[in-house]
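Good morning, colleagues. Please look at the sequence and the structure on the screen before I turn to the details.

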Amino acid sequence: MMYFDTHTHLTDERFDADRDALLSSLPHHGLALALDVACALGDFPKTLALTQAYPWIYGAYGVHPHYAAEAPDGYLEEVSSALRYPKAKALGEIGLDYHYDFAPRETQRRVFAEQLALAQSLGFPVVLHIREAFGDCMDILRAYRNGLCGVMHCFSGSAEIARECVDLGLYVAFGGAVTFKNAHKPIEAAAYVPLDRLLLETDCPYMTPVPHRGERNDPSFIPFIAQAVAQARGMDAEELMQATLRNGKQLFQIP
Ligand SMILES: [Zn+2]
């Protein structure tokens, strides 16, 4: 068993007490690769350090919509420098979050569009965080669709919305939400997405899958997510993990 956790926040303080012990153990559980996502400029050095310490951790760097209002003038320069770090493989996570609205929507849209333009000019894939903002997101993505590649992270929408993402050339990543009791919509979407566009992720320490609800999430829980997605598709979980490992390597250009 070998899998790729395409969305982790391993620099989160909830890992401070046992980070090295946990990370050292993960390859023994079948973890082949992880993409660690830094969401604010201040977190970039922490993710960089993890990618330097562990050969199987790669980095994504971007300004999350929660922090859009705090992005200083010149933040794009900093994002762009981070993408020159060794093992930087994606710009993200970026997007719109109208659920929490931590930053004014207009600011979120501007910071999202500016980072999409940067990804486009540098030819980097994007990691998208979209919550309750799908209409605006699609309008902005269409404006930058030329050369667009990336992943809709933590997907919990309908098969219909998944189809729009796939049509735009995006990959769709499923996480713990597919294991939840009332997961009808994401399960339908997981059954729909073409096998070569599927990814798996934990979004750890958040979004812990069943049967570990209430605990801290970590990449070793990917098989529970794989099991739910595989069941929705009527396929073998092992085979699904293999396919998503290949897909992740392809999208993030990891040899
Ligand atoms: Zn995330």
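Predicted model: local features only at pLDDT ≥ 70, side-chain atom pairs only at ≥ 80, totals over all residues.

**The metal site**

The site of the zinc ion is irregular, with angles of 81 to 178° among its 4 donor atoms. For comparison, ideal angles are 109.5 degrees for four tetrahedral donors.

Which residues supply the protein donors of the zinc ion? They are His7 through NE2, His9 through NE2, Glu93 through OE and Asp203 through OD, and these lie 2.1 to 2.7 Å from the ion. Along the sequence, the spacing of the donor residues reads H-x1-H-x83-E-x109-D.

Let me move to strand S1, residues 3-8. Because 6 of its 6 residues are buried, S1 is largely enclosed by the rest of the structure. S1 pairs with strand S2, residues 31-38, in the parallel sense over 4 bridges. Within this pairing, Asp5 stands opposite Ala34. Between the two strands the chain passes through helix H1, residues 19-25, and this β-α-β crossover is right-handed.

Finally, I come to helix H4, residues 105-122. Among the buried residues of H4 are Val111, Phe112, Leu116 and Leu118. The buried residues of H4 pack against helices H3 and H5 and against strands S4 and S5. After H4 comes Gly123, with a positive phi near 70°.

Key:
Residues numbered from 1 in each chain as written. Heavy atoms only, no water. Buried < 20%, exposed > 50% of the residue type's maximum accessible area, 1.4 Å probe, protein only. Contact = heavy atoms within 4.5 Å. Pairing = 2+ DSSP bridges. Right-handed = clockwise from strand over helix to strand, strands pointing away. Donors = N, O, S within 2.8 Å, 3.2 Å for Na, K, Ca; no water. Tetrahedral: all angles 85-135°; square planar, octahedral: opposite > 155°, others 65-115°.
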